[in-house]
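Biologist: I'd like to learn how to read a model like this one. Can you take me through a few features?

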Number of protein chains: 2
Amino acid sequence: MCPARSKFPAPKTLSRRPRDSGDRTSDTIDHAALEHLLGFAIARADVHIRAAFQASIGDPFQLRPAEFSLLMLLLTNKAATQARLSEALAMSAPNLTTLVDRLVVRGLVERVRSEQDRRAQQLCLTTAGLDLASRAHALSTTMEDASLSGLCPAERAMLLELLHRVGTPRPV
Amino acid sequence: MCPARSKFPAPKTLSRRPRDSGDRTSDTIDHAALEHLLGFAIARADVHIRAAFQASIGDPFQLRPAEFSLLMLLLTNKAATQARLSEALAMSAPNLTTLVDRLVVRGLVERVRSEQDRRAQQLCLTTAGLDLASRAHALSTTMEDASLSGLCPAERAMLLELLHRVGTPRPV
DNA sequence: TATTGTTATACTCTATAACTATA
DNA sequence: TATAGTTATAGAGTATAACAATA
């Protein structure tokens, strides 16, 4: 829910017809030359996952994906520093600054100068921020259920595990 | 490799420490409140997959992800219409227009008015476009190997299959 | 010198309204 | 009246340089 993303256009629906000649001018598009790519599969799945987030959290709480991710990290990482959050969110420091600015204006987050290092800004959830983050987190546990309805619990766990291994190369 | 994407910031690396109290001000960020989300797992994996694309195809061929995806679709869908490509790429018609403009300027693609429907523009690869698309496709078959080195062939196939099922809800 | 955070800016991707020409 | 494509424009996400304050 959090790293900086790119833009791989993906189809909403796929034609899964058996392979034919290849030279066609039909009414459906054949994705043969893309289906072997994980990037393509990710892009397609992402369309649905994003829509689920938008409906369950984005619209109701007026939270962007990165804003939601930051609040989630603050739930378990009190007074985390912007530098470390920037790394954890794979977001540049300047872009994190403007994101935090928005949350501060809304009264959800506060910046506190670190005692140990006067350069660092520690981020803390306000009472309102903690309340909103808690409610958003509760909703997040089920928001993807519709998108994952085609998968049994074991498959769902397997998918998360496999993606995690792609996300962390060289598990050693 | 093709649908319009969003922006879920994702961490480059994950801390996987055993759960502790939760209230910490340590040197690593705990992602506990995000790890259950497919959107988060996708965002993380996507960082690596995008980097692989950029290195293997994006930089060498000066192709953006959406441009690459369009060329791949034209390999197996000759004279496809912009309307159908727009749908297949999950890209709005205006945005597809500017994308096609760039490829036309580079001499990779040509627009041909449909005989049956004078409103429609059919896209065709030029000789140069076919050559470039063919070489890009050849490279695409291995570009994700490094990112997927932690998965055996069966796991890789499983990952693609599971993602496909998320990408196409209600397989009936 | 190096690091933390900020400001400013530019570039890309995405989304929408308004228009044309065809159907 | 509806569809295919275009133009124009605005928004959101991302990336980088330059700077101040602190280490």
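Predicted model: local features only at pLDDT ≥ 70, side-chain atom pairs only at ≥ 80, totals over all residues.

Biologist: Where does B:Val109 lie, and is B:Val109 buried or exposed?

Modeller: Buried means under 20% relative accessible area, exposed over 50%, and partly exposed in between (1.4 Å probe, protein chains only). B:Val109 sits in strand E4 (residues 109-113) of chain B, and at a relative accessible area of 2% it is buried. Contact means heavy atoms within 4.5 Å. Leaving aside neighbours within four places in sequence, the contacts of B:Val109 include B:Leu71, B:Leu74 and B:Cys124.

Biologist: How do I describe two packed helices?

Modeller: Two packed helices are described by the angle between their axes and the distance between the axes. Axes are lines fitted to C-alpha atoms, for helices over the stretch in contact, and angles run from 0 to 180 degrees between N-to-C directions. In chain B, helix H2 (residues 65-76) and helix H5 (residues 127-140) pack at about 105 degrees, with axes 9 Å apart. That makes H2(B) roughly perpendicular to H5(B) (under 35 degrees is roughly parallel, over 145 roughly antiparallel, 65 to 115 roughly perpendicular, the rest oblique).

Biologist: Which residues meet there?

Modeller: B:Phe68, B:Leu71, B:Met72 and B:Leu75 in H2(B) meet a set in H5(B) that includes B:Leu132, B:Ala133 and B:Ala136.

Biologist: And which residues of H5(B) are buried?

Modeller: First, the general idea: an α-helix has 3.6 residues a turn, so residues three or four places apart point the same way. In H5(B), the buried ones are B:Gly129, B:Leu132, B:Ala133, B:Ala136 and B:Ser140. They cover an arc of only 100 degrees around the axis, so they are on the same side of H5(B); the arc is that of the directions from the helix axis to the C-beta atoms. Their cover includes helix H1 (38-61), H2 and strand E5 (121-125) of chain B.

Biologist: What about a loop residue, such as A:Ser147?

Modeller: A:Ser147 is in the loop between helix H5 (127-140) and helix H6 (153-167) of chain A. A:Ser147 is buried too, with a relative accessible area of 9%. Not counting residues up to four places away in sequence, A:Ser147 touches A:His48, A:Ile49, A:Ala52 and B:Val166.

Note on methods
Residues numbered from 1 in each chain as written. Chains lettered and ligands numbered in written order. Heavy atoms only, no water. Helix = DSSP H or I, 4+ residues; strand = E, 2+ residues; numbered from the N terminus.
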